[in-house]
Amino acid sequence: MFSLKTLLVSSSKVLTTLKHTNVVHVKRTLYPRRTPLFIRTDGRWMGQRHSSSSVAATGEDTFIKWFLLLIPVTTFGLGTWQVKRRQWKLQLIAEMSRLTAADPIPLPIDPLELRGLEYRRVRVRGRYEHDKELYVLPRSPVDPEREAREAGRLSSSGETGANVVTPFHCTDLGISILVNRGYVPKQKIRPDTRMKGQVEGEVEVVGVVRLTEPRKPFVPNNDPDRNCWHFRDLDAMSDVTGAQPIFIDADFASTIPGGPVGGQTRVTLRNEHMQYIITWYGLCATTAYMWYAKFIKNIKL
């Protein structure tokens with residue numbers, strides 16, 4: 001009886017203590033050592049959930065930190081790629097310029113050999129067949145300096161006209177080929193407006209080998225029935241004129257006074273890679289600084 005009375009008194013004291021205490025520190029062996037748990041007077045546990053949320057928040061911050069580092073790394077890679085692209089483009093332009101300025105060679109008629117000679121200067125001799133002229137339009141006269149300035153624009157300034165493509169019978173080869181004699185303004189497209197340039201005798205022509213040209217997006221289809229051509233389709237042009245699918249651009253020195261102006265080979269390629277290099281490296285520097293300030297220096301941005 002005494003023991004029971006003593007136990008009741010002790011229990012009453014513990015309950016009284018719990019009643020007047022908001023939070024009690026409880027140690028449980030089920031949890032790791034030094035991991036405190038707390039219980040409120042309403043019976044809800046506290047402490048462990050707060051610790052878990054803190055760990056989750058720390059992990060999330062770490063993920064965001066390293067994920068955002070991908071931005072300067074990626075922009076640096078894109079800038080480096082544009083450096084290599086610019087070097088490739090400059091080498092390509094230099095090679096094209098070298099081929100168009102090299103000493104001319106006799107025109108080979110082997111299609112496989114011609115396929116590897118685009119932009120190579122060749123020499124032919126023969127007569128023009130003016131009654132089979134083809135007109136590639138609209139075209140503007142080639143001006144490399146102006147085209148370099150206007151590269152990337154949706155429209156360009158200056159006059160427009162056509163390039164006159166005429167079958168040319170090569171007396172030394174015994175075949176007819178297609179020669180782009182050059183540019184004429186739109187008021188000179190009709191042959192009777194430039195009769196002085198319609199030479200009938202045998203002439204020598206130096207030109208640049210060109211291959212067939214695929215139709216670009218938004219370029220209209222060729223209309224052979226109306227003699228209206230928008231891109232260089234050698235097979236279709238050969239079918240209309242009866243010439244071989246061999247095409248050369250006559251150079252400026254082959255221009256006949258009063259006729260189309262030669263030298264209409266465009267060797268200027270768009271080269272805007274320096275702008276891209278500055279853009280990507282600039283973004284890399286900016287985002288790298290912001291990342292460093294935010295996650296290393298803890299500066300509020």
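How many helices and strands does the secondary structure of the protein chain come to? This is a predicted model, and its protein chain comes to seven helices and 10 strands. Of the 301 residues in the chain, 32% are buried. Among contacts with a separation of 6 or more, 64% are between residues 24 or more positions apart.

**Nonpolar cores**

- The largest nonpolar core holds 17 residues, and L107, V124, F168, I177, V179, V205 and I248 have the most contacts inside it.
- Two or more residues of this core come from each of the strands β5 (121–128), β7 (161–170), β8 (175–185), β9 (203–210) and β10 (247–250).
- Leaving aside residues up to four places away in sequence, V205 touches V122, R123, V124, Y128, F168, V179, I248, A250 and S254.
- Several of these partners of V205, among them V124, F168, V179 and I248, are also listed with the most contacts inside the largest core.

**Helix α7**

- Helix α7 covers residues 273–295, which amounts to 23 residues.
- From its first C-alpha to its last, α7 reaches 33 Å, close to the 33 Å expected at 1.5 Å a residue.
- The buried residues of α7 are H273, I277, C284, T287, W291 and A293.
- An α-helix has 3.6 residues a turn, so residues three or four places apart point the same way.

**Cysteines**

- The count of disulfides in the model is zero.
- A disulfide is a covalent bond between the sulfur atoms of two cysteines.
- C170 is buried, since its relative accessible area is 0%, under the 20% cut-off.
- C284, one of the buried residues of α7, has a relative accessibility of 13% and therefore also counts as buried.

**Cavity and pocket**

- Rolling a probe the size of a water molecule over the atoms shows where empty space is left.
- The model has one cavity of 30 Å³ or more, and the volume of the largest cavity is about 40 Å³.
- Y128, R181, A250, S254, T255, I256 and P260 line the largest cavity; among them, Y128, A250 and S254 are also touched by V205.
- The second largest pocket has a volume of about 300 Å³.
- This second largest pocket is lined by 14 residues, of which P111, L114, L211, L234 and P245 are the closest to its centre.
- Elements giving two or more residues to the lining of this pocket are α4 (111–115), β9 and α6 (234–241).
- The largest share of that lining is the three residues from α4.

**Backbone geometry**

- Most residues other than glycine have a negative phi, and most peptide bonds are trans.
- L137 and P138 are joined by a cis peptide bond, with omega about -5°.
- P138 lies in strand β6, which spans residues 134–139.
- Y119 has a positive phi, near 75°, although Y119 is not a glycine.
- The position of Y119 is in the loop between α4 and β5, and Y119 counts as buried because its relative accessibility is 15%.
- F218, also a residue other than glycine, has a positive phi near 70°.
- F218 belongs to the loop between β9 and α6, and F218 counts as exposed because its relative accessibility is 85%, over the 50% cut-off.

Key:
Residues are numbered from 1 along each chain as its sequence is written. This is a predicted model: local features need pLDDT of at least 70, side-chain atom pairs count only at pLDDT 80 or more; totals for chains, interfaces and linings use all residues. Side-chain values use heavy atoms; hydrogens and water are left out. A disulfide is a pair of cysteine sulfur atoms within 2.5 Å. Buried means under 20% relative accessible area, exposed over 50%, partly exposed in between (1.4 Å probe, protein chains only). A nonpolar core is a set of buried Ala, Val, Leu, Ile, Met, Phe, Trp, Tyr and Cys residues joined through side-chain atoms within 4.5 Å. Helices (H or I, at least four residues) and strands (E, at least two) are DSSP runs, numbered from the N terminus. Contact means heavy atoms within 4.5 Å. The expected span of a helix is 1.5 Å times one less than its number of residues. On a 1 Å grid over the protein atoms alone, a cavity is a set of points where a 1.4 Å probe fits but cannot get out, and a pocket is an open set with protein on both sides within 12 Å along at least five of seven lines; lining residues have an atom within 4 Å of a point. Grid points are joined across faces, edges and corners, and a volume is the space filled by probe spheres set on the points.
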